[in-house]
Amino acid sequence: MIRMENVHKAFGDNHVLRGVNLEIPKGTSMVIIGGSGTGKSVALKCVLGLIKPDSGKIYVDGQDAATGNRDAFLAKFGMLFQGGALFDSLPIWQNVAFRLLRGPLKRPADYAREIAIDKLRRVGLRANVADLYPSELSGGMQKRVGLARAIAADPEIIFFDEPTTGLDPIMSGVINDLIREIVTEMGATAMTITHDMSSVRAIADNVAMLHDGVIQWTGPVSQLDSSGDPYVEQFISGSAEGPIEAVR
Amino acid sequence: MNPLAMLAELGRAVLNLLAAFGRVTLFALDALSHIFRPPFYPRELGMALLNIGWLSLPVVGLTTIFTGGALALQIYAGGARFNAEAVVPQIVAIGMVRELGPVMVGLMIAARVTSSIAAEIATMKVTEQIDALVTLSTHPMKYLTAPRVLAALITVPALVAVGDIIGIAGGYAVATQNLGFNPAAYLKNTVDFLEPLDILSSLVKGAAFGMIAAIMGCYFGMNSGRGAQGVGRATKSSVEAAAVLILAANFVLTGVFFSL
């Protein structure tokens, strides 16, 4: 379970998070929605420790994220980055098996390659992709490789940062379905940030709406259309009229 | 402009400079400490040795051979004014080994290696590859910085040694082919005149310049701003800082070895 308690984060005068409270039960898929620049990525990076919150507490499986063994903490996570964040200098299989080639989870190279190819197949890529470099792949394929890397070490928690940004609707659908299948199959806890409503409906068990640095509404995806929350209603309808200013 | 405002501006600039110096020093100490603390990444070290050392050989060789040749011509022409043309072998040797070899190699490494390290790491930063490293339980200082700094510490002194030899060879070729020096006498004068301290100073300068070049590349890369402009600025600043620090360190080390 992930719990954020009154998390604040500012960059200079820009107060991005103003007291975020959020709970993600173990084994569920939470999608955080909100406009661009509302702090969704910052919230996610705070959980991972990539950004240090100014105040507030974050607990993962009851453990304070700011204390304890950092390697053991990070070993629980897999993450799909918005742009893939694949390492240009490494072939695809080494990107996928990165964690299995070094550090505490190190395995023999042949075994790590087998796992990488297996994970690539799981995300719909052929084995012959394994020896290519990231620059030789399309955006959709890079996203799939990023997804394969995120699940390579069978993490307990997976984060998805804008998983469908920059993809065509068909590829977005493919990625959404893959994420849903993988999360269900692995029984992992998932946290996704997106402003793509088709992703929300495909991936989410629960949805949280982040605006003005706080969670404005949270509830099951089945209640999204009847939330009664003016922020959520404006966001899902894509209307310029409402409490969310169109010009930010 | 109000004198007080000018003073405040000056004070702010000095404070900013000191703060930057402090940040770079802390970064350098952190980078050096990671060289000795596991985990180690031999593959990354191997790649860095190849990139910084082996692949810099052509530019180092070409730079120093022309420098050595030009130095021989200058000393011969200058020495002729007071009938001291015969000192060409000795001055080429001492000039290359003590000064021009390390400085030319240091500046070439700043141009070739510092810029490449800064651009690579800055691009990794703006494309979230460094964040990805962290989420994959890999410390960026250990994976990116430590291998590059260690590789520079090992290879740049070796490059300086090679540069010294090639520079002296450039002087030898010009002196024996164009200026009428006897080849055997030229070599004997060169070898006899050089002292162990000359060679030691050259290698120590090489290690110091290599460390500066790698650390500046890593520091500006890791602290790059966003987007293409951020990468460009990081690259430019890293080369500027490395070149200035290499020349400043050269002055200090020359003082330490030969004046104190």
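This is a predicted model: local features need pLDDT of at least 70, side-chain atom pairs count only at pLDDT 80 or more; totals for chains, interfaces and linings use all residues.
Among the contacts in chain A between residues at least 6 apart in sequence, 62% join residues at least 24 apart.

On confidence: chain A has a mean pLDDT of 90, and 99% of its residues reach 70 or more. Within the chain, confidence is highest in helix 3 of chain A, residues 92–96, at a mean of 96, and lowest in helix 2 of chain A, residues 70–74, at 86.

Now the overall fold. Eight helices and 10 strands make up the secondary structure elements of chain A. The radius of gyration of chain A is 18 Å, close to the 18 Å that the globule rule gives for 248 residues, so the chain is as compact as a globular protein of that length. The C-alpha trace of chain A spans about 55 × 40 × 35 Å along its principal axes. Of the 248 residues in chain A, 47% are buried.

Next, a helix pair. Two packed helices are described by the angle between their axes and the distance between the axes. For helix 5 of chain A, residues 139–151, and helix 6 of chain A, residues 169–186, the axes come within 11 Å and cross at roughly 10°. That angle is under 35 degrees, so helix 5 of chain A counts as roughly parallel to helix 6 of chain A. Helix 5 of chain A contributes A:G140, A:K143, A:L147 and A:I151 to the contact, and helix 6 of chain A contributes A:M171, A:I175, A:L178, A:I182 and A:M186. By class, the residues of this contact are seven nonpolar, one polar and one charged.

One residue to look at on the screen is A:T192, in strand 8 of chain A, residues 189–193. Is A:T192 buried or exposed? A:T192 has 29 other C-beta atoms within 10 Å, and the cut-off is 20 or more, so A:T192 is buried. Leaving out residues up to four places away in sequence, A:T192 touches A:S29, A:V31, A:F160, A:P163, A:S199 and A:I203. Take A:F160 from that list: A:F160 and A:T192 are 32 residues apart in sequence, yet 4.5 Å apart in space, C-alpha to C-alpha.

Last, the partner chain. On chain A, 15 residues are in contact with 12 residues of chain B. Helix 2 of chain A and strand 6 of chain A, residues 77–80, each supply at least two residues of the side that touches chain B. That side of chain A has 10 nonpolar, two polar and three charged residues. Helix 2 of chain A is also where confidence in chain A is lowest, at a mean of 86.

Key: Residues are numbered from 1 along each chain as its sequence is written. Chains are lettered from A and ligands numbered from 1 in the order in which they are written. pLDDT is the predictor's confidence in each residue, from 0 to 100. Helices (H or I, at least four residues) and strands (E, at least two) are DSSP runs, numbered from the N terminus. Two residues are in contact if their C-beta atoms, placed from the backbone, lie within 7 Å. Ala, Val, Leu, Ile, Met, Phe, Trp, Tyr, Cys and Pro count as nonpolar, Asp, Glu, Lys and Arg as charged, and the others, Gly among them, as polar. The radius of gyration is taken over C-alpha atoms; the globule rule is 2.2 Å times the number of residues to the power 0.38. A residue is buried if 20 or more other C-beta atoms lie within 10 Å of its own, exposed if 12 or fewer, and partly exposed in between; C-beta atoms are placed from the backbone. Axes are lines fitted to C-alpha atoms, for helices over the stretch in contact, and angles run from 0 to 180 degrees between N-to-C directions. Angles under 35 degrees count as roughly parallel, over 145 as roughly antiparallel, 65 to 115 as roughly perpendicular and the rest as oblique.
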